[in-house]
Amino acid sequence: MLLELDRVTSGYGRLPVLHEVSLAVGAGEIVALIGANGAGKSTLLNTVMAMVPLSGGDIRFDGASIAGAATPAIVRAGLAQVPERRQLFGAMTVEENLRLGAYARADRAGVVATLDEQFRQFPILRERRRQAAQTLSGGEQQMLAIARAMMSRPRLMLLDEPSLGLAPLMVTRIMDQIVALRAAGGTVLVVEQNARAALAIADRGYVLENGRITVSGAAAELLGNPAVQEAYLGGQGSGVRAIETSIRKKRRAILGR
Amino acid sequence: MSALAAHKRTLAFAAAVVAIAIYPLFYPGSYPVGVGIVAGAMAAATVGFVLLLGYAHQLAFGQAGFLMIGGYVNAILCVNYRWDPFAALLAGVVVAMLLALVIARPILKLRGFVLAIASLAMQLIFIVAAIEAVPITGGALGTQGVPKFAIFGVSFANEIAFYYAAWVMAFICVGIGLNIDRSRIGRALKAIAASETAAGSVGIEIVTYKVQMFVISAGMASVAGSLGAHYLRAMDPNVYGFAYSLNLLTAVIIGGLTSVWGGALGATAITGLRELLRSLSLPLWESVIMGMLTVVVLLAFPGGLAGAIGALFDRLTRRGGAAAPVTVEPDPAALPPVTGMPPPGTIMLSVDGATRSFGNLRAVNHVSFNVEAGSIVALIGPNGAGKTTLFNLIGGYQPLDAGTVKFLGQPIESLMPDDIARLGIGRTFQNLQLFDNMTVLENVMCGRFRLNTCGILSISARLPRVAREEAATRRAARAALDFVGLRGAGDMPPTALSFGHQRLVEIARALALEPKLILMDEPASGLNDTETERLAELVLRIAALGITVLLVEHDMRVVMGLADQLVVMHHGEKIAEGAPDAVRQEPEVIAAYLGQDAVEPTAANRSAQEHVA
Amino acid sequence: MDLFVFFQLFLPGLTTGCVYALVALGFVLTANVTGVINFAQGEYVMIGGMLTAWLFAESVPLWIAIPAATLTCAALAAAQERFTLAPVRHTPHFIRVTITLGVAVILRGIALIAFGKDPLTLPGFSGDGVFTMFNAILPVQSLWVWGATAALLAATFWFLKYTDIGRGVRACSINLQAARLMGINTERLTLFVFAAAGGTGALAGIVITPIVLANWDAGISYGLKGFIGAILGGLRSPSIAVLGGLGIGVLESLSAGYISSGWKDAIVYGALIAYLLVRGGVFYVGRATLVGGSREL
């Protein structure tokens, strides 16, 4: 396995978010991590990148533990994240954003080659290379964010909500790019609230609910699994739903309705 | 406050009074007594500064400017108009406070280092004015020939008598400071320092209390300036320059930023230190040592001397045994049902056409819905749907671009958070906005703010009604803690509690303001299943009191179980509304949460996409 | 208006304005990367000038004294960041600001002890002659001040625009979190920015010393006026901050000449306060540190 999370616990300050989460991504896979908002999906990616401190468990990349390593070291090890809401350097140009993506690399000639590669992959970015990143449309910004992450030539790409705020057609296009990443030999862990779009391109998927993995399996199976819909919208079918039933009982007792 | 803490405070206070009283007996010479006078004057100036800087975190570094105002008013009135020195001192206080009142509102709109710079600039302007206004101030040479201190004809020509007079005034300032410290205003200042967001949510008028402290601080500084002028028998522009500002700052930092009497302690320590350096012929080292002390204390001992002494006392007087266990069984009978509630079915809150954009993004687009009195309504939607923005619009934390929000028919969309809280709308926060610099009980007491009436004057003098009101506030806060099941946690700092219990403190604080409507932002986030169920029960108990509940929540088990009514948002718009079981079935809601079915890209639609991009 | 008088005030104002401009630039860069305004910034200007003048008086040649003083200030600024700011990155903002003020006091004190109360001076780098420009008579050293400022500004802006590290500095000041995700070692970069700001301040203090003398207590004034320049640029834009600094120098000189030399400081500070009150106190400084304003969350 390229990336392994072993009973990872973490959170922000006093707010615990992840509880003993275990997850694995194999080389060449697209793995989707889906779940409702607030489930802890972004926290999981941020924990891998050491942007959120790990408070328990271990994270291994290519067999070696990266728990306790600082973000720059993790980037150099071959991980790159496309953060939620893209987090571009808005006042800087498209090309500057891309070059920043290669900050951790030492091979200047190689950087130029990668830059060219990204411009071939996303021709629109070449057209806009001297434009400030904040003047790009939402879809173009997402492409720039992906290309920027690619500039470090990562072995594993972490994508956080790439579909957020995009029109359906644009979502499809971004998902195509993710498939292309894998075709070029990459490995992707994609976090999505848009479960259908993510599972359509993924090999495997995990469902995160309230900081815990509740369901996992092949992507095609998850798409049809009623538990997935419940993770988002609730329901009274399964045992996990006991809390809702119990709250309703209390409501009748206390409020009489 | 526990009996032990009260005891400790009295003991320390008595020790300080005795030390100051007997000092002239040991050092009766005019020089050492003079040093004592300088220390006393500075002690008076530190009290207001501690409240402003240490309590409210306002970086008003230029407060020494008000010593200069006091000193000049006093000197000019005594020398040119033959006023009685004490009357002139009072006049100086009045002038300084009036000037501060004029300056305060605009300057305290600034915050952080911007305030620090503006405040220093203000002081430097005072100095330039003193140098340039030669006919009034005597210019760079200053006003000479200030008489010895006297109170309505009774002269304090004797240095020792003046020493005692100076320290009595310093202690009056400390007394006022202590009265403010243990009142609702002291809590308000700490609340402002800890979280202005939360301070607004309990109805604390942030600007008002900052202004009050600025004015009081100016008055106390003016007293110190007057005393200094009578001691030096002159007043010139160099006495209270930048260097004095820094000494004042060092004094309160060394003494302890979070203790009213720490400033007085620091003033004494600083004055003593300066004399020591002078006697060692090292006066040039003063600045280096003062700076070092400031930096080292801030880096390593943020509590200063007062904190260190307090910790020592705690160690000496510690009794065995941990803190009392926290009761977790809530007491639903602790709070009475809310009276004067509008009948069920009345529209409590009505949001009409609410719109808010950030740049090109319409975060909330024309959203309308009503909340009926006595109901539980939940606002839900996928990530980025605009729920939190809408919540902030209702709470007054962000202005609306268009639309109205009415609370019981009254438009509230242009009100600030504290105004909205004072109407009877309580609020809790997703990421916990507790006041960590206070105990749990004090946190909840802050919630009573809108129901308290004692003002700054009666609090400064600690009139009997202040004590009565404090007792009532304390009782009500305890009842709110009992209601949420935190009896016994009152004296703990919030940080000593688990995350789930801290959330209960926030709910108790919101309940303490006896709200008609309570806004809860993701109350179940970060809770485990047991805590989540308890929380849901608590929300039901709150509703049973007659309080209307509007919550944003992503835990669907909670939402579906609790709510009478759901409002579903997506991409900033309302896409559905209704009872939970109905909403859950709506295809549009399912699509919003789970996403559209991904379209298999075909050659045709791929070329279409090219055009879009 | 008499044009001769105007230029005789305007051009020297531009010269002191150069110092404020370099201080303002240092403020903007350090503030955006750390979220803290460094009250000690002006002290590096003072120490740069004092140390060079002192070394020169001890017959150290200028070409050694100048780099030595510059590097000393860079090292002092780096030490300030490393030992007094980095350890308290998560303490309340007002404490960190106060710490920088404490450091300023220490630096002033050290200068007082090391160099004494009397002002020190340096000869002009190419003699103490004068030249005329627009009929105004100016010391030749003014050309050094203008030249050095122009060179430093050009170097800084080139560095920020065209080097990897420079782009990293800009990235850090726009979005520190995202910068870390790029693999930028933000701690090291912060240290570097502080050292650069200290060194730039020192150079400014050195070139101005032949004109205005070096005084142990001049740092606060350089700091405040440079800060005003930075504030005029909204604490965001380095280039507007530079213009702001130049403008403050000119305003100061013009008000000294046309109104009163005694009131010139009051006028400059009054202008700052008036500007802040009109503009409002909301500044977004690196890490989205919010200062001022009353309605934001």
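**Legends to close-up views of the predicted model**

View 1. Helices (H or I, at least four residues) and strands (E, at least two) are DSSP runs numbered from the N terminus, and contact requires C-beta atoms, placed from the backbone, within 7 Å. The model is predicted: local features need pLDDT of at least 70 and side-chain atom pairs count only at pLDDT 80 or more, whereas totals for chains, interfaces and linings use all residues. Residues are numbered from 1 along each chain as its sequence is written, with chains lettered from A and ligands numbered from 1 in the order in which they are written. Among the buried residues of α19(B) are B:Val466, B:Glu469, B:Thr473 and B:Phe483; a residue is buried if 20 or more other C-beta atoms, placed from the backbone, lie within 10 Å of its own. The 21 residues of α19(B) (464–484) should span 30 Å at 1.5 Å a residue, which agrees with the 31 Å between its end C-alpha atoms; the expected span is 1.5 Å times one less than the number of residues. B:Gly485, with a positive phi near 90°, follows α19(B).

**View 2. Packing of helices α2 and α12 of chain B.** Helices α2 (30–55) and α12 (260–279) of chain B pack at about 145°, and their axes are 7 Å apart. Axes are lines fitted to C-alpha atoms, for helices over the stretch in contact, and angles run from 0 to 180 degrees between N-to-C directions. The crossing of α2(B) and α12(B) is right-handed, meaning that the near helix is turned clockwise from the far one by less than a right angle. Contributors to the contact include B:Met42 and B:Phe49 of α2(B), and B:Gly263 and B:Glu275 of α12(B). By class, the contact of α2(B) with α12(B) has 11 nonpolar, 6 polar and 1 charged residues. Ala, Val, Leu, Ile, Met, Phe, Trp, Tyr, Cys and Pro count as nonpolar, Asp, Glu, Lys and Arg as charged, and the others, Gly among them, as polar.

**View 3. The open six-stranded sheet of chain A.** The 6 strands have the order β6-β7-β8-β3-β9-β10 and mixed pairing; two strands pair if DSSP finds at least two bridges between them. Strands β6 (79–82) and β10 (212–218) of chain A are at the edges and have a single partner strand each, so one side of each lacks a neighbour in the sheet. Neighbouring strands of this sheet are turned by 15° against each other on average, direction ignored. β6(A) pairs with β7(A) (156–160) in the parallel sense over 4 bridges, and A:Leu79 has A:Leu156 as its bridge partner. Helix α1 (41–48) of chain A packs on the sheet, its direction making about 145° with that of β7(A). Helix α7 (168–183) of chain A also packs on the sheet, touching β3, β7 and β8 of chain A.

**View 4. The contact of chain B with chain C.** Chain B and chain C contribute 40 residues each to the contact. On the side of chain B that touches chain C, α5 (112–132), α11 (242–255) and α13 (286–300) of chain B each supply at least two residues. Of these helices, α5(B) gives the largest share, 15 residues. The side of chain B that touches chain C comprises 29 nonpolar, 8 polar and 3 charged residues.

Definitions and conventions. Contact = placed C-beta atoms within 7 Å. Buried ≥ 20, exposed ≤ 12 C-beta atoms within 10 Å, placed from the backbone.
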